[in-house]
Amino acid sequence: MNISYCLQTVLFLALCIAGCGGGDAGGNPPVNNSNPPVAGWQRQSENPLIVPILTNTIQDHGPADPSILFDNEDNKWKAWFSSTLEDRASSVKTITIRYAESADGVHWSNPQTVFQTASDSNAWDYTSVETPAVIKNPNPVTPEKKFMMWYSGANTTLAASENRPSGPGALTYYQIGLAYSPDGKIFTRHLPGLNYKPGLVLVASASLFGASLPGTFGDGTTSDPEVIFKDGMFHMWLSSYAESVPNPVTPNGRLPLAFGIAHMTSSDGVNWSTNHANPLASLFKPSDAAGGRDPSVLFNQNTNQYEMWFTNDTLADELSIPCHFNTVIGFWHAVSNDGIQWTPDYAKYDLRYDTQYRYEALGFLRGIDVVMVSGHYQAYYSAFGTERIPDSSIYLCPDQQNNPIPAVLSLNRATYISP
């Protein structure tokens, strides 16, 4: 599986980043949930909602990094997510972004590919496009820009020419791109793009982190975008990583400086800036070097607050999960009045994987999208489990000893029932 590789970050560990993005939702669709009215997150009885489709030629490795919205223009739920498609004859894997839609948020159409890696081998997003964050464009200049999708992209084949580490276990230097669509089903890259690279709109830089780093910024990554539009501005939260780089630049001798969730704003969704230090210090766990990743953010009109769900497991936490492939125990919750200063609840996970459900018994995949529709929180998440495995000989996940075990990645939903 080649969805995206991540490692727990502490000050003396290298890492790579990718997880999830998602868009805010609105409207008044029918709410279909047959779970009993018990307080807390209630799993959808129909889970798993989307599972990989195996054909004679293509192995779909499953949905990851969901971005969900309810479109009140045509009364449909819409989902975009990362998926790795493998040619069964050649074993060539391609990371794509796929789309499905639903009348009730539970029963979904067969996924279709709507965005792929660039065909130019020198393009910044030639080897990876993933973690979509999709919203309806509040001010589309043309009908072709009705939907906006931010995504993580990378080109690992350029590592050597860029004097960056390469090979197994090396950090993937993700950047963030933007693409447009008239219907959410066919996306084209923003042009001309940062530094005339089609699609590219955001890279790691010293200006992203400000003066908060414990050293001189040299390189880094930006990934897992989450975007909402509020009060005439686009707000983005993202996973960010900064490192120092030797002079002259070499692949070796790089040291981590900071890892966590950053925040930026934009008037057009293309040009991004920030006026505060990143990553957001208020999201750091006490006595921990990591400030979280994979944010999902919404603005709650009822409480007039931002809410965030994100991952921030320790390495020890991750080692306790049956499947050891980008998995986490659960998702933490935080609230904020301004989207910058957050109050996280680290007393307990807001939502954690539960072995009683076969479709998530092997652990949550990093990345969740929580939306509020008709006053209901709906959490869409991917998980590894043993339910509806298309072929147990080829759908596998490494356990903690790196032994392959039968597992399938699926998309699921939970609804929050208030006390």
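Tutor: Proline 248 sits in the loop between strand 13 (233-244) and strand 14 (255-266), where helices (H or I, at least four residues) and strands (E, at least two) are DSSP runs numbered from the N terminus. This is a predicted model, in which local features need pLDDT of at least 70 and side-chain atom pairs count only at pLDDT 80 or more, whereas totals for chains, interfaces and linings use all residues. Residues are numbered from 1 along each chain as its sequence is written, and side-chain values use heavy atoms, with hydrogens and water left out.

The peptide bond that leads from asparagine 247 into proline 248 is cis, with omega near 5 degrees. A cis bond, again with omega near 5 degrees, also joins leucine 191 to proline 192, and proline 192 belongs to the loop between strand 10 (188-189) and strand 11 (200-202). These bonds deserve attention because most peptide bonds are trans, and most residues other than glycine have a negative phi.

Serine 91, which is not a glycine, has a positive phi of about 65 degrees and lies in the loop between strand 4 (76-87) and strand 5 (93-102). Its relative accessibility of 42% makes serine 91 partly exposed, a class that falls between buried (under 20% relative accessible area) and exposed (over 50%), as computed with a 1.4 Å probe on protein chains only. Asparagine 326 likewise has a positive phi, near 60 degrees, but asparagine 326 is buried, at 9% relative accessible area.

Asparagine 326 occupies the loop between helix 2 (315-318) and strand 17, and that strand leads us to the sheet. Five strands form an open, antiparallel sheet in the order 1-25-22-21-17, two strands being paired if DSSP finds at least two bridges between them. Strand 1 (40-43) and strand 17 (327-328) stand at the edges with a single partner strand each, so one side of each has no neighbour in the sheet. Further in, strand 21 (residues 363-373) and strand 22 (residues 376-385) run antiparallel and are joined by eight bridges, with valine 371 partnered by glutamine 378 in strand 22.
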